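Hi,

Here is the structure I promised to pass on.

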Amino acid sequence: MTVVIGITGGIGSGKSTVCGLLSEEGALVLDADAASREVVEEPEVRAALVRRFGEAIFDGDGRLDRAALADLVFGPDASDARRDLEAIIHPAVRARIDGDLARARDEGRPLVVLDVPLLMRSPYREECDLLVFVRSARETRNRRTARRGWTPDELERRERAQTPLAEKERAADRVLDNDGDLAELRAAVRELVRGLPRN
């Protein structure tokens, strides 16, 4: 039996940290952001991005300039651009995650974690046996995203494009608080894993 956990939470809440701790506990983490960084190197995906957004979204070394692309798809009145980006990238990302998830189930992996942006609006929500919401105070998330060079306004702008946090938390089966230190979070993750059904 493979248990699939979906991770949700606000930007800067520490979802990636939780995924890392679950990996330490033996989980296979399927990270859609990592997959998206890989699929943009595929020639057909890259060509589609250039056709829609222009060469300016790639830097001088030919790498995707994620900040430049974010300015286009998270700016005011950017819903069309965001929808077009998703139409280009999401099919390739879904194919990769679908294949990895199918293999994990075939191999009998006990625990798989789905780290998928916009999980609540995604077909992957139905794949999850358990939804875990990572909760952090707004001040904490502001501080963490400031290390990425974001202002509080930038965080708010990006979160407006997502399912409201209160809705995510209501839908969750478990909530992990992440305003404390790493040791506290690790203990909470271990408790979560111990409580999962076993083969």
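A quick definition before anything else: I call a residue buried when its relative accessible area is under 20%. Also keep in mind that this is a predicted model.

Let's start with α2. By that cut-off, A32, A35, S36 and V39 are the residues to look at, as they are buried in α2. Their arc around the axis is only 100°, so they sit on the same side of α2. As for what they pack against, the buried residues of α2 meet β2 (28-31), α3, α4 (66-73), α5 and β3 (111-115).

S36 is worth a click. It belongs to helix α2, which covers residues 32-39. Leaving aside residues up to four places away in sequence, S36 touches R66, I89 and V93.

At the N-terminal end of α2 you'll find a cap: D31 has a side-chain oxygen 2.9 Å from the backbone nitrogen of D33.

The other thing I looked at is how α3 (residues 43-53) sits against α5 (residues 79-106). Their axes come within 10 Å and cross at roughly 170°, which means α3 runs roughly antiparallel to α5. By class, that contact has nine nonpolar and three charged residues, and no polar ones. On the α3 side are V45, A48, L49, R52 and F53, and they meet D80, A81, D84, L85, I88, I89 and A92 of α5. You'll have seen I89 already, as one of the residues that S36 touches.

Cheers

Key
Residues are numbered from 1 along each chain as its sequence is written. This is a predicted model: local features need pLDDT of at least 70, side-chain atom pairs count only at pLDDT 80 or more; totals for chains, interfaces and linings use all residues. Side-chain values use heavy atoms; hydrogens and water are left out. Helices (H or I, at least four residues) and strands (E, at least two) are DSSP runs, numbered from the N terminus. Contact means heavy atoms within 4.5 Å. Axes are lines fitted to C-alpha atoms, for helices over the stretch in contact, and angles run from 0 to 180 degrees between N-to-C directions. Angles under 35 degrees count as roughly parallel, over 145 as roughly antiparallel, 65 to 115 as roughly perpendicular and the rest as oblique. Ala, Val, Leu, Ile, Met, Phe, Trp, Tyr, Cys and Pro count as nonpolar, Asp, Glu, Lys and Arg as charged, and the others, Gly among them, as polar. Buried means under 20% relative accessible area, exposed over 50%, partly exposed in between (1.4 Å probe, protein chains only). The arc is that of the directions from the helix axis to the C-beta atoms. A polar contact is a pair of N or O atoms within 3.5 Å; within protein, one must be able to donate a hydrogen and the other to accept it, and residues adjacent in sequence count only if both atoms are side-chain atoms.
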